[in-house]
Amino acid sequence: MPLDPMPAWVPTRRRQIGERIRAARLHAALTQEQLGERVGRDRRTIHRWEYAQRVPDLEDLLLLADAVGVPLRDLVD
């Protein structure tokens with residue numbers, strides 16, 4: 001059962017993870033569209049993850065880390 005209300009730190013961590021996804025993508029010199037192609041998602045989904053509008057699941061995080069060439073911990077640490 002989900003927590004209601006969500007603890008205040010959760011949205012903060014979501015934003016941090018999104019910022020790390022964006023930073024890793026830029027460091028890999030990829031556009032949102034190129035990253036989306038590598039992980040099988042569309043550009044809008046990548047945008048939503050980067051701006052914490054949606055949450056990537058574990059499988060998506062694994063694919064993202066591989067696509068930008070970083071360990072998973074770099075995205076979620």
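The protein contains five helices and zero strands, where helices (H or I, at least four residues) and strands (E, at least two) are DSSP runs numbered from the N terminus, and its pattern along the sequence is α-α-α-α-α. The model is a predicted one, in which local features need pLDDT of at least 70 and side-chain atom pairs count only at pLDDT 80 or more, while totals for chains, interfaces and linings use all residues. Residues are numbered from 1 along each chain as its sequence is written, and side-chain values use heavy atoms, with hydrogens and water left out.

The C-alpha trace spans about 35 × 20 × 20 Å along its principal axes. Of the 77 residues, 31% count as buried, a term that means under 20% relative accessible area with a 1.4 Å probe and protein chains only. Among contacts (heavy atoms within 4.5 Å) between residues at least 6 apart in sequence, 53% join residues at least 24 apart.

Helix α1, which covers residues 9–27, includes Arg25. This residue counts as buried because its relative accessibility is 6%. When neighbours within four places in sequence are left aside, Arg25 is in contact with Leu30, Thr31, Gln32, Leu35, Ile46, Glu50 and Val68.

Note on methods: Buried < 20%, exposed > 50% of the residue type's maximum accessible area, 1.4 Å probe, protein only.
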